[in-house]
There are 4 protein chains.
Amino acid sequence: MIPRYTRPEMAAIWEPQTRFRIWFEIEAHAADAMAELGIIPKEAAVTIWAKARDAVFDVARIDEIERETKHDVIAFLTHLSEIVGPEARFVHQGMTSSDVLDTCLNVQLCRAADILLADLDDLLSALERRAKEHKNTVTIGRSHGIHAEPTTFGVKLAFAYAEFMRAKERLAFARMEVATCAISGAVGTFANIDPRVEEHVAKKMSLTPEPVSTQVIPRDRHAMFFSVLAVIASSVERLATEVRHLQRTEVLEAEEFFSPGQKGSSAMPHKRNPVLSENLTGLARLVRSAAVPALENVALWHERDISHSSVERGIAPDATVHLDFALRRMTGLIDKLVVYPENMRKNLDRLGGLIHSQRVMLALTQKGMAREEAYAAVQRNAMPVWRGDGDFLTLLQADKDVTAKLSTTELAELFDLGYHTKHVDTIFKRVFGDA
Amino acid sequence: MIPRYTRPEMAAIWEPQTRFRIWFEIEAHAADAMAELGIIPKEAAVTIWAKARDAVFDVARIDEIERETKHDVIAFLTHLSEIVGPEARFVHQGMTSSDVLDTCLNVQLCRAADILLADLDDLLSALERRAKEHKNTVTIGRSHGIHAEPTTFGVKLAFAYAEFMRAKERLAFARMEVATCAISGAVGTFANIDPRVEEHVAKKMSLTPEPVSTQVIPRDRHAMFFSVLAVIASSVERLATEVRHLQRTEVLEAEEFFSPGQKGSSAMPHKRNPVLSENLTGLARLVRSAAVPALENVALWHERDISHSSVERGIAPDATVHLDFALRRMTGLIDKLVVYPENMRKNLDRLGGLIHSQRVMLALTQKGMAREEAYAAVQRNAMPVWRGDGDFLTLLQADKDVTAKLSTTELAELFDLGYHTKHVDTIFKRVFGDA
Amino acid sequence: MIPRYTRPEMAAIWEPQTRFRIWFEIEAHAADAMAELGIIPKEAAVTIWAKARDAVFDVARIDEIERETKHDVIAFLTHLSEIVGPEARFVHQGMTSSDVLDTCLNVQLCRAADILLADLDDLLSALERRAKEHKNTVTIGRSHGIHAEPTTFGVKLAFAYAEFMRAKERLAFARMEVATCAISGAVGTFANIDPRVEEHVAKKMSLTPEPVSTQVIPRDRHAMFFSVLAVIASSVERLATEVRHLQRTEVLEAEEFFSPGQKGSSAMPHKRNPVLSENLTGLARLVRSAAVPALENVALWHERDISHSSVERGIAPDATVHLDFALRRMTGLIDKLVVYPENMRKNLDRLGGLIHSQRVMLALTQKGMAREEAYAAVQRNAMPVWRGDGDFLTLLQADKDVTAKLSTTELAELFDLGYHTKHVDTIFKRVFGDA
Amino acid sequence: MIPRYTRPEMAAIWEPQTRFRIWFEIEAHAADAMAELGIIPKEAAVTIWAKARDAVFDVARIDEIERETKHDVIAFLTHLSEIVGPEARFVHQGMTSSDVLDTCLNVQLCRAADILLADLDDLLSALERRAKEHKNTVTIGRSHGIHAEPTTFGVKLAFAYAEFMRAKERLAFARMEVATCAISGAVGTFANIDPRVEEHVAKKMSLTPEPVSTQVIPRDRHAMFFSVLAVIASSVERLATEVRHLQRTEVLEAEEFFSPGQKGSSAMPHKRNPVLSENLTGLARLVRSAAVPALENVALWHERDISHSSVERGIAPDATVHLDFALRRMTGLIDKLVVYPENMRKNLDRLGGLIHSQRVMLALTQKGMAREEAYAAVQRNAMPVWRGDGDFLTLLQADKDVTAKLSTTELAELFDLGYHTKHVDTIFKRVFGDA
């Protein structure tokens, strides 16, 4: 967790106090179930809740005990017994550390996913608002960085909207993957713990019981979770890259909001750099880097080993915290993005009409010219314009092969921007529905 | 595609002939829709199908044309016009190469996914059969590679079964992600092509229209697809690692089938190595390696660039072909796995009864001993046994603190294997249902 | 190996015939050494060379034998005995398959490295030639995609030259890492083979003996090798990205050579796309993807397992073949790159003189204005120009705080391009030496 | 930086106070050089050192300024001017933030490398000591997890020693890669700063000047650095995996030191788990995960963009801190590793003599039996022993084809362990030199 890319709400999930709180809840709910089943005295369960429900766990004390026992859950249980008293001996009966640790991790990941889902909702709102605002703002579409044909800035944002809608579906899928609970005891056989305890804890923690857990909740679930975060991060990178391109000096069709007092460069006072988008590009790389170690965590030995643990101590907070920050930053960026429709129009005209080359070629074909011949005729007239020599329409109107098929008026009519935006409504309806 | 890890069925999807066949179908279905809409003559569409429906495309000829035009789709269209004749000028009207290429890629990925889904079904069958066969074959469960408590070999396989059931759900999700079609023309505005053409082609190719495609089908979809293959590959690695462990000389609880005539080592004739599982471990690494470049493919520039293309020419065939091979190999391996229940029982006894340590501790607690005290009493008696000095039950029966709580008979009764397998039914019911 | 990104010279290294040839040489040299040591008859060694020195190995036959034995080296040795006759029983005495396989792989990697080193030499030549050609071609330097201050196109290429010089040093280091030989027998103890045999084979194959090989040559060497290829691929990506930016329609300062007959787009005849650089960007991702599985190959079990093998069957040919292709393609691209100095000059003027902002600020500071104040004065005059309102010099000359320190003539003199290129010589001397 | 895997010494390198201290030194040395060149007043340089040499920078104050300026170096310079007074206006003349940031990062990476080099020295000492201690401790060598032939535990450790010697060479190479300094001003042209300033600062900070830096020090250097850390981490994983295998219940040839009071499992008091090695396996995955984002950082846009920055804020401290911790932990683990030679011997005998199969085969060949025939004869007698039926020597002595070539005495003599260890001296000499 890099402090400057950390929001308190997400960071809180990963604080020791939160973790101990969740551990306590798992143990206390398990005690309830065991009491109900007659395995431990009912008063024990009542006492556990009564004494520790509102406790603030002493993190330093737990750390101290762990230094001796070299075991974090045992350290916590020892501390818990200091709070609860003798009834604490009924806590954790027949359970293993993994029951507590793995169920807790999944609770944390679900909470993180919930924040990320809310982040996505806000980003989607911003994208929708700006897309509708610029639904008809004509701009050049570019393939390979080269002017292709006109589109609208709204369509660009609608594309991003659709992409982050998919991000939401993926995240919902990923959340479901990790929303499981295991209270199955050593090697997962329920030898010392009744499966009904697991069912009870799962219900109370809003999880479903893991069908078969061999002491650990299987790590393919987490690999899937972090892989989904990696895909979402890549979508952040795509949109950030778009903004970086649009803000280039030569393009300047849109620009990150530049606040008064902000300094773009320590050396060059004129600079206004797309630093937020560049930062998002880097954050995307960081979030993505969690995917490979998560995949490497899957192949644990036999019923379990603990190699996944150090990995998760790193990637679980880092990937969720940084993605949360990135999504919020992206939302603010889109929200305040300064758009320059006049520059868009100016750039659109830059290629001397070449962006209408396909329409001319198609018109020639429709008038009976062979496709290959039409392509050659259009390309022949396009190349001088590309080099800056002349205007495309004028050249076409002077080409006899072309005018044999299309009159100068017909040619002029092919240079109409409206032709390119006629289906924007269709696209918006597909993306945003009937609204 | 490494030949020795390639099955013809999957490889066929990625052959040039198949690709050209799919390209043709996309173009021909598009022509049908255009004819229906009155954009091109109905006879043209009929002729296209009539002339090329059964054509075998001349791959060498297409390559030759591509060497001049440096454009694969144009090379194909030129060749197609050699087959179809003058009506070929109505093909590809208002479309871009990406319409053909991206829709084709998604058709190929869906077909690949279908094969992989069938592979998973076969693997699941094998796992289910062997799991039920060994439902009650008692074996030691190991955490950290250390004997923990007993479980059954069937539970181990049930765990793998549940994991590959998740693989199936993930793959279905991934398939859905890439089952889209784009026939939207340059920069995706439908300026030169009616959206109804896309709808028709999508339907005919069993895809859904991409809501908004800016000339390309967005690559976050493919990143998700290859990430899912990576997760499945990691599950293959997990199961392969389990087999490798079981076949170790010191363990030898299960063994890959070793065929007559097979040689384990050129130098040491006695060797029987788990080479299939080791091979699967390596193949998992290979399949996984497709995930990162697929993620890096997402951030294309503006409406599209072509950087994703070379990546996909590599990873699309490689990852699907190698995963297909790996899943089939895994199925065969599980199907013919030689299991040694006697060795399992021998290993189980190796720790001198220590595997019952938890149960003894719990029994002491239930008799009123504090958890910490019970832990210490058990650990104290366990450590000599760990070092090979004595038998756990005998030592416990000689420990006064222990016998103050539990009679020697009560202690002996705690060393019962059935205690650990009593919930195997529950687990099987969860995993396989009522069967 | 994707055929279209494969050059025959590199591909030849990875063909079965080459591999069998290297295997043979290893075995025959080993036989020589054993004969010299009196372990096998001298005539045997002579016969082995005599019979097989010019043999073409029958790949299909070897494959056939392997299908039965499931062991590639045994299959080869069986085929070799068919060629050599009864003396073949003296081949491979005391050796293991790994001795042959691992030494062969390292020979192949060294040969691949030699081709890549030659590729780098050619790329460096092209970069040097073009750098010197454009040493004084003034162009705008850009940070964050925003015009910063002037530089020259030659400096841009000198930067790439220095980067690929580092690539060469890294590759030399990587080659040294894998230039080792192991003929140490089962588990590497030399129990059945004299260490002098290894020394002899190493010498003959231009390798050094692996100090301690536990049947395998340790895979950290190969992880280092593929990591270096990944870094070089990333440098290819950087230069390719530069070209893609320069060819953007709005920038068009340089352009890939566009051959007559080439088609940029099937739909838009006007297009000239930077497809080579985009392709190089994709190839870089592919080459890079070999690094992670190579790293995962390091942790083999005990003295060796075979999980690395399938990985290397993929990444060794793929990464070397694709990087070779990429470097040659990059060389051609740079060699023929079309450079537009006039466009560079036009772009340079685009920001209305803002690129001189730092110099003005420094001049103000030197005249005694506080840095913070100077920054504010310059930024205040820069912002309207950024928005397209007015010319920077004119605005500065009208700002009283500024003219209190600098006369209008002094200000005008600060707008001199030569100021920025005065150290180009220094840079060139550092990069290219005194030439 | 995960606190529990962080050592203060390495962490200190990455603290804000250290960073600001290095920034100050760079600025102050640059001021010295500028004063020497007559660019700024000599007294200014003197004052800068005098006022700030022993300053403790107010991190909170700098953060506060950054919140307004959104620029970290400007925030620092503003704070510095609060300490230094009006002479501060001579600081940073003609420099850019990157000059400070990139040079500082390289200073930090060099310091981190120095700690890691010292870590490696300590690990090497531990490995050497234990290797020599167990030079002649016979143990079984395993390929594919299967008993192969005898080796010694010392050879195993010598193998690790050689691997970490390579790690040292790689790290030295990596350190050299990043030991460069850039003080070249905006876009690296030295327009506003004399190259001699860079030379002076480089010398003072023990770096070499970057030959050509386009405002940034090129990121291929850092990609190489983190790739090397990734390779070293993989070597840590290999050795950790070896220990995990050796500690398995069925093997138990070595064991991590288990301290009094330590608890292996909260549920099973008998457990002693190889948790350190498992932890190292996970840390290796974490350290490795820095390589891909570092590679993705290489392709910055034009003269520079800032996307690398957020990545490096994460990976630079994380990868160095975690690798430092891992190497120290590994050193402690090796230092205190409990080795069980008797168990090694017991395991060695487990396969009923099969580990001598190669020697028997070779002896048969030397007596004139064809290799194929000898292989078959040995394999035929080995397979029953593999299944637990009988003893290898006895079976061989009863096989007529075998005894036709080798007498029962000759056969018995082939079962000699000393045969396998006769070259241990050679190996040790190669690895450790004459000592």
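Guide: Start at the rotation axis: Ser289(B) comes closest to it of the residues of chain B, at 2.8 Å (C-alpha). This is a predicted model, where local features need pLDDT of at least 70, side-chain atom pairs count only at pLDDT 80 or more, and totals for chains, interfaces and linings use all residues. Residues are numbered from 1 along each chain as its sequence is written, and chains are lettered from A and ligands numbered from 1 in the order in which they are written.

Visitor: What rotation superposes chain B on chain C?
Guide: One of 180°, with 0.0 Å of shift along its axis and an RMSD of 0.1 Å.

Visitor: How many residues of chain B are in contact with chain C?
Guide: 43, and they meet 42 residues of chain C. Contact means that the C-beta atoms, placed from the backbone, lie within 7 Å.

Visitor: Which helix of chain B gives the most to that side?
Guide: Helix 10 of chain B, with eight residues. Helices are DSSP runs (H or I, at least four residues), numbered from the N terminus.

Visitor: New topic. How is chain A divided?
Guide: Into domain 1 (1–93), domain 2 (96–259 + 267–350) and domain 3 (354–414). These bounds come from an automatic or database domain assignment.

Visitor: How far apart are domain 2 and domain 3 of chain A?
Guide: Their C-alpha centres lie 46 Å apart.

Technical notes. Least-squares fit on C-alpha atoms with pLDDT ≥ 70 in both. Contact = placed C-beta atoms within 7 Å. Helix = DSSP H or I, 4+ residues; strand = E, 2+ residues; numbered from the N terminus.
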